[in-house]
Amino acid sequence: MIPNLNIVPFVSVDHMMKLVLKIGERFLTELAFYIEDDFRRWEAFDKSPRVASHSAEGVIELMPTSDGEVYGFKYVNGHPKNMREGRQTVTAFGMLADVHNGYPVLLSEMTILTALRTAAMSALAAKHLAPPGADCMALIGNGAQAEFQALAFKALLGVRKLRFFDIDRSATEKCIRNLAGFGFEMVACRSTEEAVEGAEIITTVTADKQYATILTDNMVGSGVHINAVGGDCPGKTELHRDILLRSDIFVEYPPQTRIEGEIQQLAPDHEVTELWQVITGAVPGRRDPAQITLFDSVGFAIEDFSALRYVRDQLRSTGLYQELDMLADPDEPRDLFGMLLRAAVVAKTG
Ligand SMILES: NC(=O)c1ccc[n+]([C@@H]2O[C@H](COP(=O)([O-])OP(=O)(O)OC[C@H]3O[C@@H](n4cnc5c(N)ncnc54)[C@H](O)[C@@H]3O)[C@@H](O)[C@H]2O)c1
């Protein structure tokens, strides 16, 4: 008999924070390795654009995938107006399950984990696309995701100089306060134009439910790498279309990015390169110093699968999880109702 089939390990927000603090900066580099590993075996995964339920204020999405052994999904929302009401713009949780019996093997918070995986993915893409030796990044949008992005670019690329801009000055001040002590040279800028001056990498990570124009063509010099994170829904973009026409565009999963990414502004057959092919070495990333490279990030299910896989691999050594009584599991599988009756007897007799 297999004991405790009812139990699923659960990683709460508290345990996730303890895990991240215990592992430190290594969390981002190791998470990037896990994503890299899974992108190398891209063809082994079930893939589909995420299932999105749109409303006037935002979106709720389900992001499933499977490698034939393990199944995973993430629930995630995106509500840019939430921040003004004291809520997160993005919250998430996710699950892994055993494909062979369908039983969940992990349930986890993913609000913090999404910020980490998004940052790790951005930095992993930039490793192949940014100018070699780049050490200065403009960070446009200084909300919940911003510090994670900064730390991933430091851990994976050695970025040391940050130039911040946000329409809300207090968001920039928060970032600079939070990142003091991490060894960055940091400048608060008064405009996007000022922030991109001298930056070899431009990260846009703003939240606004519209076709926004955070970057215009004149702000983007030759040789720059753009990490466009905030445009990730139909009708929600950050870059002027002219920038896209000058850039070599790299994406996660084209059928999803064509719906959600910056490239929704382009013809459906506009040429893009799939990042997994750059990661396997099948096609080149950056080819020349003058090239403008663009990672049109929207966030794909395989990255969440990798992140959950990484977290699961840390549980045994750290013990940072709870045992959740989540699956009804009577001793005789067909006696589900009998289990209920026995519970009624126990409740009556105390
Ligand atoms: N691509 C991905 O994988 C991925 C993952 C997570 C989040 N996101 C997206 O990233 C964005 C940021 O998420 P967050 O959790 O940090 O949101 P947030 O609401 O915490 O922060 C967004 C920040 O952008 C600023 N901003 C809005 N418009 C601006 C403008 N025109 N110029 C400069 N700053 C501006 C806001 O003042 C705010 O500080 C969201 O759009 C979210 O949907 C993408």
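Select helix α3, residues 111-129, which lies across β3 (59-66), β4 (70-78), β5 and β6 and runs at about 85° to β6; helices (H or I, at least four residues) and strands (E, at least two) are DSSP runs numbered from the N terminus, and contact means heavy atoms within 4.5 Å. Axes are lines fitted to C-alpha atoms, for helices over the stretch in contact, with angles from 0 to 180 degrees between N-to-C directions. The model is predicted, with local features requiring pLDDT of at least 70 and side-chain atom pairs counting only at pLDDT 80 or more, while totals for chains, interfaces and linings use all residues. Residues are numbered from 1 along each chain as its sequence is written, and side-chain values use heavy atoms, leaving out hydrogens and water.

Next, colour the open sheet, in which 7 strands follow the order β2-β3-β4-β5-β6-β1-β17 with mixed pairing; two strands pair if DSSP finds at least two bridges between them. At its edges are β2 (51-54) and β17 (322-325), each pairing on one side only, and the twist averages 20° from one strand to the next.

Within that sheet, select residues 92-98 (β5) and 104-109 (β6), which pair in the antiparallel sense over 5 bridges. Gly 94 has Ser 108 in β6 as its bridge partner.

Finally, show the cysteines: the structure holds 0 disulfides, a disulfide being a pair of cysteine sulfur atoms within 2.5 Å. For Cys 189, the nearest cysteine sulfur is that of Cys 136, 8.9 Å away. Cys 189 counts as buried because its relative accessibility is 3%, where buried means under 20% relative accessible area, exposed over 50% and partly exposed in between (1.4 Å probe, protein chains only). Cys 233 is also buried, with a relative accessible area of 3%.
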